[in-house]
Amino acid sequence: VLTFVFTLVVLSSASAGNWNQSSSSAEGFFCEPSSSGPFTSFGKKIEHRTHSSGVIEFPGRYELPQNLKPCPNDKTLSSHYMKWLGEIYKPNQQVLAADNPSTFKSALSDNQFLDEQLQYNGILSYLFYSNGTIIHDGIAPQARFNFTLDNETEFRSNSVGKSVVSYLIGHAVCEGYMNSLDEPLSSWPVLDNTLYSNLKLIDVLNMRAGDHLVVTEAKGFVKTGRWFNPVSIKSAAENELKGTKPEPNKKYNYNGFATNVAMNFMVFKVGDNWQSFLNKIFREKIKIQSRFIIMKANGYDADGTAWYSAYANRYDYLRIAEAMMKDWQNNTCVGKYLKEVYQRKKQKDKMSWIFDKHPKQVRDSGGFASHYGGQFHFNYRGMTKRTIIGMDGYGGQSILIDIENSRIVVVNAASTNYDWYELVYQPIKTGKLRQK
């Protein structure tokens with residue numbers, strides 16, 4: 001089927017592949033040393049203003065737009081990332097570092113290509129792990145940015161946090177707080193008289209809740225235009241969701257509110273044990289090195305204030321990914337949960353992944369997974385016969401796990417402008433990072 005699509009598809013300016021055109025030369029994707037616009041995001045021209053400080057502002061946008069062409073300068077990257085780091089001081093829940101953090105073996109080698117990517121592009125941190133050993137470890141030069149950038153920096157997860165939520169749900173199922181992926185959401189009173197009370201857990205985890213006329217990732221709540229992340233589930237239920245029913249056509253509708261519903265349902269089911277539940281996973285099992293921060297919306301906890309966005313240091317993201325991989329490989333109860341979400345994955349809408357390009361042609365994009373299940377991306381172009389678990393977040397956050405070959409790549413980034421193909425895709429596929 002994929003061969004047929006590649007042969008017959010006619011590219012247009014609206015196709016997914018044409019959103020992200022970038023250099024496909026042998027040198028790879030690199031940002032120009034200086035860039036001031038005009039700017040496009042996903043191929044569409046966007047307004048910008050350049051301040052006397054050199055920081056480029058995009059009016060009406062809190063976040064730095066994705067897939068910017070040309071690349072934003074370092075002052076702009078720094079300004080926007082500092083806003084993310086400032087959110088740590090908003091309402092949150094924390095898990096403290098383990099008393100005895102787990103350690104990694106290292107067999108590091110210099111890599112010119114990685115060094116250059118960290119010097120010029122939007123990538124902040126890079127880790128390549130293979131068979132229990134960190135092979136490549138890089139962090140962008142501190143001199144590029146105004147915020148502290150080191151091994152203790154607490155990087156924002158963005159939608160990588162969605163996958164972490166699912167991993168926590170696997171533990172909640174295994175510890176008996178929930179029965180299965182088919183647990184009805186109707187037991188949580190906060191969801192009464194909303195479309196979600198008619199659903200099962202798997203519906204929201206697969207982003208197929210029949211909620212596409214109510215909430216979208218692009219518009220937030222369709223009825224009011226309110227953005228969903230700083231909103232409690234109760235507030236949404238009493239305003240945007242009251243009296244809604246799921247659409248019969250439960251098509252793929254990727255949005256953060258569905259994750260927040262799943263997360264807060266889990267918090268409700270775990271109940272008073274929530275903090276000890278988190279401690280058991282992060283401190284006792286994963287054995288994190290620094291604190292793990294889960295963001296919260298305003299309101300009372302009983303109203304559903306948990307938010308999937310999280311903060312962790314670079315090595316703790318690797319620890320979380322390694323724990324997932326080992327659960328799968330060792331066929332633990334949580335590993336069986338991960339295998340079930342893999343088996344129950346569904347194909348995405350074609351416009352939500354790059355179906356008409358090879359990764360080498362669109363080097364600075366990670367949208368090459370054709371399936372989604374349980375808050376994970378699956379079936380990566382060119383590796384569909386292998387079990388690759390993908391986690392992807394706004395601004396270029398990327399974690400890929402190769403189950404069969406015990407490989408993990410973890411990227412934290414300030415923007416999508418880096419060579420995802422060479423730094424993430426190729427090392428997972430071949431086991432090697434290009435040298436130069």
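## Basis of the description

Residues are numbered from 1 along each chain as its sequence is written, and side-chain values use heavy atoms, with hydrogens and water left out. In this predicted model, local features need pLDDT of at least 70 and side-chain atom pairs count only at pLDDT 80 or more, while totals for chains, interfaces and linings use all residues.

## Strand E20

Helices (H or I, at least four residues) and strands (E, at least two) are DSSP runs, numbered from the N terminus. Strand E20 covers residues 407–413, and seven of its seven residues are buried, so the strand is largely enclosed by the rest of the structure. Buried means under 20% relative accessible area (1.4 Å probe, protein chains only).

In a regular strand the side chains alternate between the two faces of the sheet. Arg407, Val409, Val411 and Ala413 point one way from E20, whereas Ile408, Val410 and Asn412 point the other way.

## Partners of E20

Two strands pair if DSSP finds at least two bridges between them. E20 pairs in the antiparallel sense with strand E8 (residues 123–130) over seven bridges; Tyr126 has Val411 of E20 as its bridge partner.

Strand E19 (residues 397–402) also pairs with E20 in the antiparallel sense, over five bridges, and Ile401 has Ile408 as its bridge partner. The hairpin of E19 and E20 has four residues between the strands, and Ser406 takes a positive phi near 55° there.

## Helices H8 and H9

Helix H8 (residues 274–286) packs against helix H9 (residues 314–329) at an angle of about 85°, with the axes 11 Å apart. Axes are lines fitted to C-alpha atoms, for helices over the stretch in contact, and angles run from 0 to 180 degrees between N-to-C directions. The two helices are therefore roughly perpendicular (65 to 115 degrees). Phe282, Lys285 and Ile286 of H8 make the contact with Arg319, Ile320, Ala323 and Asp327 of H9 (heavy atoms within 4.5 Å).

Definitions and conventions: Buried means under 20% relative accessible area, exposed over 50%, partly exposed in between (1.4 Å probe, protein chains only). Angles under 35 degrees count as roughly parallel, over 145 as roughly antiparallel, 65 to 115 as roughly perpendicular and the rest as oblique.
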